[in-house]
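Q: I have a new model open and I'd like to learn how to read it. Can we go through a few features together?

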Amino acid sequence: MKAGLLFPHAVQAIQIKRQVRGIAVGSKRRTVTVYAITSVPVHQAGPAELAAWIRGHWTIENRLHWVRDVTYGEDHSQTRTGNAPRAMATLRNLAISALRLTGTDNIAKAIRHLARDAARPLQILGIR
């Protein structure tokens with residue numbers, strides 16, 4: 001096999017080393033190395049800009065997808081047919097966005113607070 005055939009449009013390769021730790025109490029840190037390949041030439045995006053793009057990706061992952069997976073238990077949802085999974089994801093995104101617009105950082109805490117009174121979510125949405 002010739003070199004480069006798997007990524008014919010690759011222009012830059014990036015090595016990223018980061019420290020990670022499990023979510024369990026007392027988990028030890030470990031170094032993880034990952035690689036990224038892009039077709040963006042160096043004159044359009046140098047190392048600093050590529051690093052910023054990657055950090056931006058993880059910001060989205062941590063602020064949205066992680067909340068959907070952990071707080072809302074999306075991965076355990078049994079809604080699997082038709083358009084229902086997409087509709088539920090849209091409703092979760094709406095709830096998260098509405099809470100973020102109010103300045104909420106801890107979505108799980110806010111959901112628990114809102115669940116105590118059925119009128120509270122309506123107030124956030126400006127319905128009541």
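Predicted model: local features only at pLDDT ≥ 70, side-chain atom pairs only at ≥ 80, totals over all residues.

Q: Is Arg68 buried or exposed, then?
A: Arg68 has a relative accessibility of 15%, so it counts as buried. You'll find Arg68 in helix 1.

Q: Which residues is Arg68 in contact with, leaving aside neighbours within four places in sequence?
A: With those left out, the contacts of Arg68 are Gly73, Glu74, Ala89, Arg92, Asn93 and Ile96.

Q: And what about the accessibility of Pro41?
A: Pro41 has a relative accessible area of 22%. Partly exposed is the class in between buried and exposed, and Pro41 belongs there. Pro41 sits in the loop between strand 2 (29-38) and helix 1. Not counting residues up to four places away in sequence, Pro41 touches Val11 and Gln12.

Q: Now for helices. Why do residues three or four places apart point the same way?
A: Take helix 3 (residues 107-115), whose buried residues are Ile107, Ala110 and Leu114. These residues are on the same side of helix 3 because they cover an arc of only 60 degrees around the axis. Look at the other side of helix 3 and you'll see that Lys109 and Ala115 are exposed.

Q: What do the buried residues of helix 3 pack against?
A: They pack against helix 1 (47-71), helix 2 (84-101) and helix 4 (119-124).

Q: Which residue caps the N-terminal end of helix 3?
A: That's Asn106, with a side-chain oxygen 3.3 Å from the backbone nitrogen of Ala108.

Q: Which helix gives the most to the lining of the largest pocket?
A: Helix 2 does, with seven residues. Helix 2, helix 3 and helix 4 each supply at least two residues of that lining. Sort the lining by class and you get 13 nonpolar, no polar and one charged residues.

Conventions
Residues numbered from 1 in each chain as written. Heavy atoms only, no water. Buried < 20%, exposed > 50% of the residue type's maximum accessible area, 1.4 Å probe, protein only. Helix = DSSP H or I, 4+ residues; strand = E, 2+ residues; numbered from the N terminus. Arc of directions from axis to C-beta. Contact = heavy atoms within 4.5 Å. Polar contact = N/O pair within 3.5 Å; in protein donor to acceptor, adjacent residues only side chain to side chain. Nonpolar A, V, L, I, M, F, W, Y, C, P; charged D, E, K, R; others polar.
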